[in-house]
Amino acid sequence: MSKGHRTQIKKERNKENRDTRPQAHAKYVRISDTKARIVLDSIKGKGINEARAILTYSPRYAAEIALKVLNSAVANAEHNLGMDADVLYVQEVHANRGRSHYGRWRLKPRAKGRANRIERKVSHVSIILNEKN
């Protein structure tokens, strides 16, 4: 009758739906998501060596962050999943806006004695790899 406790059923169901692609994330990075997306879109769909070359010679600050995340994703693929780095490519890239911490904003004087916030943007950078067919 019973198939087990609901937590056991959920664990089994989540094992079937788990994503096995190598990936890496950097959370709460001190850069805006739009600036990070400009760099990440330039490496989407490229091979690992080509993506590393693009990020190494890019003058943008987001390229340093993306290179660290890319190297981490490649290391995850090699050590955790046993994949060869030569057959990997960048399948998906994400730069989502993170939560602006309230300790990270200042006030900017405005007209009529009012004040506006100057928020420091934070983003989450993710890179997902896959094997070439």
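**Close-up views of a predicted model**

**View 1. K112, an exposed loop residue.** K112 is exposed, with a relative accessible area of 75%. The structure shown is a predicted model. K112 belongs to the loop that runs between β3 (105-109) and β4 (115-119). The phi of K112 is positive, about 60 degrees, although K112 is not a glycine. Most residues other than glycine have a negative phi.

View 2. With a relative accessible area of 48%, Y28 counts as partly exposed, because the exposed class begins over 50%.

**View 3. S32, a buried loop residue.** S32 sits in the loop between β1 (23-29) and α2 (33-43). The relative accessible area of S32 is 14%, so S32 is classed as buried, a term that means under 20%. Which residues does S32 touch, not counting residues up to four places away in sequence? S32 touches K121 and S123.

**View 4. A negative surface patch that includes D84.** Four residues are labelled here: E78, D84, D86 and E131, which form a negative surface patch. One of them, D84, lies in the loop between α4 (61-79) and β2 (88-97). D84 is partly exposed, with a relative accessible area of 43%.

Technical notes
Residues numbered from 1 in each chain as written. Predicted model: local features only at pLDDT ≥ 70, side-chain atom pairs only at ≥ 80, totals over all residues. Heavy atoms only, no water. Helix = DSSP H or I, 4+ residues; strand = E, 2+ residues; numbered from the N terminus. Buried < 20%, exposed > 50% of the residue type's maximum accessible area, 1.4 Å probe, protein only. Contact = heavy atoms within 4.5 Å. Patch = residues over 30% accessible without salt bridge, like charges linked within 9 Å, V, L, I, M, F, W, Y side chains within 5 Å. Areas by Shrake-Rupley, 256 points an atom, 1.4 Å probe, with all protein chains shown as cover. Salt bridge = Lys/Arg side-chain N within 4 Å of Asp/Glu carboxyl O. Lys, Arg positive; Asp, Glu negative; His and termini not counted. Charge placed at Lys NZ, Arg CZ, Asp CG, Glu CD.
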